[in-house]
Amino acid sequence: MSTYNIPKDPVMLMSFLNMKLRDNYSSLEALADDMDISDSELKELIDKLKDAGFEYSASRNQFI
């Protein structure tokens, strides 16, 4: 798993990821690669956000 301190709360997680995507990454895959998040870990994060009502929009490069 990533050495970054990734928030566990879904709202904080969404905010954290959107900030990273906006400021540093052109895609969710680029963020995961740079932060050493495995495919299975990324799926867990996406599922957690989906359960909280957030979906990733590739065209907007953010969770909405």
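Author: Two residues are in contact when heavy atoms of theirs lie within 4.5 Å. Please keep in mind that this is a predicted model.

Reader: Which residues does leucine 49 touch, not counting residues up to four places away in sequence?

Author: With those sequence neighbours set aside, leucine 49 touches Pro10, Leu13, Met14, Leu17, Phe54 and Phe63.

Reader: Which residues of the largest nonpolar core touch the most other members?

Author: The general idea is that, in soluble globular proteins, nonpolar side chains tend to be buried together. Here the largest nonpolar core has 17 residues, and those touching the most other members are Ile6, Leu17, Leu31, Met35, Ile37, Leu49 and Phe63. Two or more residues come from each of helix H1 (10-24), helix H2 (28-34) and H3. H1 gives the most, with five residues.

Reader: How is the length of H1 to be checked, and what does H1 pack against?

Author: A helix has an expected span, found from 1.5 Å a residue, which can be compared with the distance between its ends. The 15 residues of H1 should span 21 Å, and the end C-alpha atoms are 21 Å apart, so the two values agree. The buried residues of H1 are Leu13, Met14, Phe16, Leu17, Asn18, Lys20 and Leu21. These buried residues pack against H2, H3, E1 and strand E2 (62-63).

Reader: Which residue caps the N-terminal end of H1?

Author: Aspartate 9 does, with a side-chain oxygen 3.2 Å from the backbone nitrogen of valine 11.

Reader: How many salt bridges are there?

Author: To find one, look for a side-chain nitrogen of Lys or Arg within 4 Å of a carboxyl oxygen of Asp or Glu. The count here comes to two. One joins the side chains of aspartate 23 and arginine 22, with 2.9 Å from N to O. Arginine 22 is exposed at 62% relative accessibility because the cut-off for that class is over 50%. Aspartate 23, at 46%, is partly exposed. The other salt bridge links aspartate 47 with lysine 43, whose closest N and O atoms are 2.7 Å apart.

Reader: Where do aspartate 47 and lysine 43 lie?

Author: Both belong to helix H3 (residues 39-51), where they are four residues apart, or about one turn of the helix. Aspartate 47 is partly exposed, with a relative accessible area of 30%.

Reader: How is an aromatic pair to be read, and how many does the structure hold?

Author: One compares the distance between ring centres and the angle between ring planes; an angle under 30 degrees counts as stacked, over 60 as edge-to-face, and the rest as tilted. The structure holds one aromatic pair. The rings of tyrosine 56 and phenylalanine 63 have centres 5.3 Å apart and planes at 55°, so this pair is tilted. Tyrosine 56 is partly exposed at 22% relative accessible area, whereas phenylalanine 63 is buried at 3%.

Reader: Is serine 27 buried or exposed?

Author: Serine 27 is buried, at 18%, because the cut-off is under 20% relative accessible area. This serine sits in the loop between H1 and H2. The side chain of serine 27 reaches the backbone nitrogen of alanine 30 at 3.0 Å. Apart from neighbours within four places in sequence, serine 27 is in contact with Leu21, Tyr56 and Asn61.

Reader: Where is serine 57, and what does its side chain join?

Author: Serine 57 belongs to strand E1 (residues 56-57) and is buried, at 13% relative accessibility. A polar contact of 3.2 Å joins its side chain to that of serine 59. Beyond neighbours within four places in sequence, serine 57 is in contact with Gln62 and Ile64.

Reader: What is the phi of aspartate 36, and what is that of asparagine 61?

Author: Phi of aspartate 36 is near 55°, a positive value in a residue other than glycine. Asparagine 61 also has a positive phi, near 55°, and is likewise a residue other than glycine. Aspartate 36 lies in the loop between H2 and H3 and is exposed, at 55% relative accessible area. Asparagine 61 lies in the loop between E1 and E2 and is buried, at 14%.

Reader: How far apart are tyrosine 4 and aspartate 36 in sequence and in space?

Author: Tyrosine 4 and aspartate 36 are 32 residues apart in sequence and 9.0 Å apart in space, C-alpha to C-alpha. Tyrosine 4 is in the segment before H1 and is partly exposed, at 36%.

Notes
Residues numbered from 1 in each chain as written. Predicted model: local features only at pLDDT ≥ 70, side-chain atom pairs only at ≥ 80, totals over all residues. Heavy atoms only, no water. Buried < 20%, exposed > 50% of the residue type's maximum accessible area, 1.4 Å probe, protein only. Core = buried A, V, L, I, M, F, W, Y, C linked by side-chain atoms within 4.5 Å. Polar contact = N/O pair within 3.5 Å; in protein donor to acceptor, adjacent residues only side chain to side chain. Phe/Tyr/Trp six-rings, centres within 6.5 Å; stacked < 30°, edge-to-face > 60°.
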